[in-house]
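Here are my notes on the aromatic side chains, for you to read next to the model. Have the structure open while you go through them.

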Amino acid sequence: MIFLKSPWEIEKMRRSNAIVAETLQRLREIVKPGITTAELDHFAEEFCRKKGAKPAFKGYRGYPFSLCVSVNEEVVHGFPSKKRILKEGDIVSLDFGVVCDGYYGDAAITVPVGKISKKAQMLLKVTEMALYKGIEQATVGHRLGDISSAIQQWVETHGFAVVRQFVGHGIGKSLHEDPQVPNFGRPGKGVKLKEGMVIAIEPMVNEGTYEVEILDDGWTAVTKDRKLSAHFEHTIAITKNGPEILSRV
Ligand code: MF3
Ligand code: CO
């Protein structure tokens, strides 16, 4: 069941998503060779609490941390760790969510650690642009498949692959609501987009195979071929004037 959001609900979601966006912006600034991924998790939790929000992922289906930190071949849901020291040339995906006044915010970015390879730069660019290709399609009267296929087309045209096993989602009073928002599909298929829908669009893009596997911790998803993966996510509202990106500073 898809819950449409009223203007005042969207107003609340602007707030929670602004906190997420600001946290990610600060994290982007502190990512450097030598920092541990546990420090990033700690910063995110403290920062959002100072803003009056609660981390959304901690305890969600048993996820033990506030931030998902996925380095290089890790796709999503990587565990922060005191032992994981970021080094020059890594790429690191930071996925963060909060709940504030009963409404959720969710977004992700992938950032370079120092100087990275040409190939990695390309992967980040293509993934971030894939997100915007999807957002562009999020208008009243379009269908979900228009978003999905725009992302898939863009990514595959550039020689990369979209992950199938994880998808975007509706969001509101819960972190995950209907509908599911895949990053692959066919134009003109799926539910019709309506004013008041709020969805998280989150392409996960792999350098090699689209296939992923889950590590023994039960959470960390890695590429099957251990090649690089990137992830960008925004929470957006569908309005009569087009898509509004809520998770933007
Ligand atoms: N952005 C991710 C998602 O929407 C984060 C979920 S991590 C979890 O699925 F720990 F909360 F599951
Ligand atoms: Co999400």
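1. Let's start with Trp8, which is exposed, at a relative accessible area of 55%. Keep in mind that this is a predicted model. Searching the whole structure turns up six aromatic pairs. In one of them, the ring centres of Trp8 and Tyr103 are 6.5 Å apart and the planes meet at 80°, so this pair is edge-to-face.

2. What does that contact tie together? Trp8 belongs to helix H1 (residues 7–30) and Tyr103 to strand E5 (residues 103–112), so the pair joins parts that are 95 residues apart in sequence.

3. Next, have a look at Tyr63 and Phe79, an edge-to-face pair with 5.6 Å from centre to centre and 75° between the planes. Both sit in loops: Tyr63 in the one between strand E1 (54–55) and strand E2 (67–71), Phe79 in the one between strand E3 (74–76) and strand E4 (91–100). The two residues are 16 apart, and the pair links distant parts of the chain.

4. Buried or exposed? Tyr63 has 2% relative accessibility, so it counts as buried, the cut-off being under 20%. Phe79 comes out as partly exposed, at 25%.

5. Tyr63 and Phe79 also belong to one aromatic cluster, together with Phe65 and Trp219.

6. Finally, which rings does the charged end of Arg164 sit over? One is the ring of Phe184, with the charged end 5.4 Å from its centre. Another is the ring of Tyr210, at 4.2 Å from its centre.

Methods. Residues numbered from 1 in each chain as written. Chains lettered and ligands numbered in written order. Predicted model: local features only at pLDDT ≥ 70, side-chain atom pairs only at ≥ 80, totals over all residues. Heavy atoms only, no water. Phe/Tyr/Trp six-rings, centres within 6.5 Å; stacked < 30°, edge-to-face > 60°. Helix = DSSP H or I, 4+ residues; strand = E, 2+ residues; numbered from the N terminus. Buried < 20%, exposed > 50% of the residue type's maximum accessible area, 1.4 Å probe, protein only. Lys NZ or Arg CZ within 6 Å of the ring centre and 35° of its normal.
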